Amino acid sequence: MQMNPLESIIPPTQEIPIPKYDLDPEQEKQEILRHYRALLRGLRPKLKRGDRELVRIAFEMAADAHKTMRRKSGEPYILHPLAVAKICVEEIGLGVRSTICALLHDTVEDTDLTLEDLEREFGNEITKIVDGLTKISNVMDTNTSQQAENFKKILLTLTDDPRVILIKLADRLHNMRTLDFMKREKQLKIASETIWVYAPLAHRMGLYSIKTELEDLSMKYMEPEAYRDIAKKLSETKRERTRYINEFIRPLREKLDRSGFKFEIYGRPKSIHSIWNKIKKKGVAFEEVYDLFAIRVILDSSQEKEKEECWKVYSMITDEYTPSPERLRDWLSNPKSNGYEALHTTNGATGPLGRSANSYQTYE
Ligand code: MN
């Protein structure tokens with residue numbers, strides 16, 4: 001594993017934006033409740049008898065335990081666990097038990113609540129997950145030069161209960177989304193940890209859009225000029241790229257429609273981080289890589305037919321766009337260890353990337 005090369009070149013402190021947060025206590029209470037209700041709305045389809053009560057108890061315990069704490073932005077601290085829980089539900093697809101753990105994830109480390117308190121209220125399963133989350137924080141807090149070693153320790157925990165890792169990733173994603181309020185040194189430390197440890201972890205867990213967002217957010221702090229430059233060029237070329245992607249998809253969509261498959265097809269522009277990597281690796285200009293994009297076809301088919309149908313879609317794509325033979329990846333016959341099953345193919349003389357994926361791994 002490579003070590004983080006930025007450690008030694010951290011630039012001097014930059015000024016922190018002044019927190020703008022001036023709600024009175026009553027408005028603040030309403031704001032907290034608003035976030036809590038939004039969380040419950042996302043969770044509603046998964047609630048079984050008695051669950052709502054458990055989630056409420058977890059929320060009230062966490063809100064009470066963190067009540068004197070604020071985030072760097074000036075917000076009440078409880079908005080952070082609420083946001084982490086919402087990411088778990090809406091962006092990772094986790095359920096009630098994980099929501100409870102996410103609400104409580106910082107209590108044992110940062111407040112007077114103990115594992116015994118959680119055990120008494122929620123039992124062993126939830127307590128073990130919160131314990132795992134607390135331990136990861138401690139491992140990460142020690143020495144950054146031991147990151148490779150720490151990474152292995154995290155992966156060992158993974159075999160225990162993958163929810164620990166998934167909730168930790170949600171925690172990190174929210175911290176990255178709200179990193180503006182941290183000091184420059186802290187931003188760089190967290191961003192480099194994210195790029196070296198958490199983004200690869202998200203990839204391994206099959207959370208591809210979270211992986212991409214973590215990479216982009218890390219780059220925003222570690223390489224601010226390059227980030228702003230590419231982001232600006234991307235927004236200037238957005239219309240042109242969207243039109244190009246739509247035109248690329250149109251013949252495929254027509255064929256798929258005629259075939260009667262149940263499917264979704266969409267194009268995904270490359271992330272800022274991956275464009276930047278290409279520019280660096282190949283020594284080319286933005287203009288030569290910016291129109292690369294991925295197409296994803298998601299098929300809704302029965303278990304017996306999914307393999308066959310997936311290959312049919314593959315052949316429809318390759319009839320339309322010439323594939324480059326050495327770029328076919330078959331994760332249908334050999335699914336990834338995280339359950340990902342798909343065919344990947346790179347097509348076309350201009351180099352667009354076609355991708356046909358038949359399923360996502362979903363977690364509880
Ligand atoms: Mn946290």
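Analyst: Gladly! Let's begin with a helix pair in this predicted model. The axes of helix H3 (residues 79-92) and H4 come within 7 Å and cross at roughly 155 degrees.

User: What two quantities describe a packed pair in general, and how are H3 and H4 oriented to each other?

Analyst: The general idea is that two packed helices are described by the angle between their axes and the distance between the axes. Angles over 145 degrees count as roughly antiparallel, and H3 and H4 are therefore roughly antiparallel to each other. Their crossing is right-handed.

User: Which residues of H3 and H4 meet?

Analyst: From H3 come Pro81, Val84, Ala85, Cys88 and Val89, and they meet Ser98, Thr99, Ala102 and Leu103 of H4. Sorted by class, this contact of H3 with H4 has seven nonpolar and two polar residues, and no charged ones.

User: Is H4 mostly covered or mostly open, and which of its residues are buried?

Analyst: H4 (residues 96-104) is mostly covered, with seven of its nine residues buried. The buried ones are Ser98, Thr99, Ile100, Cys101, Ala102, Leu103 and Leu104.

User: How do I read the nonpolar core, and which residues have the most contacts inside the largest one?

Analyst: In soluble globular proteins, nonpolar side chains tend to be buried together. Here, the largest nonpolar core has 59 residues, and those with the most contacts inside it are Ala62, Cys88, Leu104, Leu166, Leu169, Ala170 and Ala202. Helix H10 (residues 184-204) gives the most to this core, with 10 residues.

User: What does Leu169 touch?

Analyst: Leaving aside neighbours within four places in sequence, Leu169 is in contact with Tyr198, Leu201, Ala202, Met205, Leu207 and Ile210. There is also a second, separate core of 13 residues, which includes Ile295, Leu299, Cys310 and Ala342.

User: Where is Ala342, and why does it count as buried?

Analyst: Ala342 sits in strand S4 (residues 341-346). The cut-off for a buried residue is 20 or more other C-beta atoms within 10 Å; Ala342 counts as buried because it has 20 C-beta neighbours inside 10 Å. Ala342 and Leu332 are 10 residues apart along the chain, and their C-alpha atoms are separated by 5.3 Å.

User: Back to H10. How does it pack with H11?

Analyst: The axes of H10 and helix H11 (residues 208-222) come within 9 Å and cross at roughly 160 degrees. H10 and H11 are therefore roughly antiparallel to each other, and H10 passes H11 in a left-handed crossing. Among the residues making the contact are Leu188, Ala191, Ile195 and Tyr198 of H10, along with Ile210, Leu214 and Tyr221 of H11. By class, the contact of H10 with H11 divides into 10 nonpolar, five polar and two charged residues.

User: Is Arg172 buried or exposed, and what is it in contact with?

Analyst: Arg172 lies in helix H9 (residues 162-177). Arg172 is buried, because 25 other C-beta atoms lie within 10 Å. Leaving aside neighbours within four places in sequence, Arg172 is in contact with Thr194, Tyr198 and Leu214.

User: What about H11 and H14: how are they oriented, and which residues meet?

Analyst: H11 and helix H14 (residues 272-282) pack at an angle of about 70 degrees, with their axes 7 Å apart. They are therefore roughly perpendicular to each other. Glu215, Asp216 and Met219 in H11 meet Ile272, His273 and Trp276 in H14. By class, this contact of H11 with H14 has three nonpolar, one polar and two charged residues.

User: Which residues does Ile230 touch?

Analyst: Ile230 is found in helix H12 (residues 224-236). Not counting residues up to four places away in sequence, Ile230 touches Ile272, Ile275, Trp276 and Phe286. With 23 C-beta neighbours inside 10 Å, Ile230 counts as buried.

Methods: Residues numbered from 1 in each chain as written. Predicted model: local features only at pLDDT ≥ 70, side-chain atom pairs only at ≥ 80, totals over all residues. Buried ≥ 20, exposed ≤ 12 C-beta atoms within 10 Å, placed from the backbone. Helix = DSSP H or I, 4+ residues; strand = E, 2+ residues; numbered from the N terminus. Axes fitted to C-alpha atoms, helices over the stretch in contact; angles between N-to-C directions. Parallel < 35°, antiparallel > 145°, perpendicular 65-115°, else oblique. Left-handed = near helix turned anticlockwise from the far one by under 90°. Contact = placed C-beta atoms within 7 Å. Nonpolar A, V, L, I, M, F, W, Y, C, P; charged D, E, K, R; others polar. Core = buried A, V, L, I, M, F, W, Y, C linked by C-beta atoms within 7 Å.
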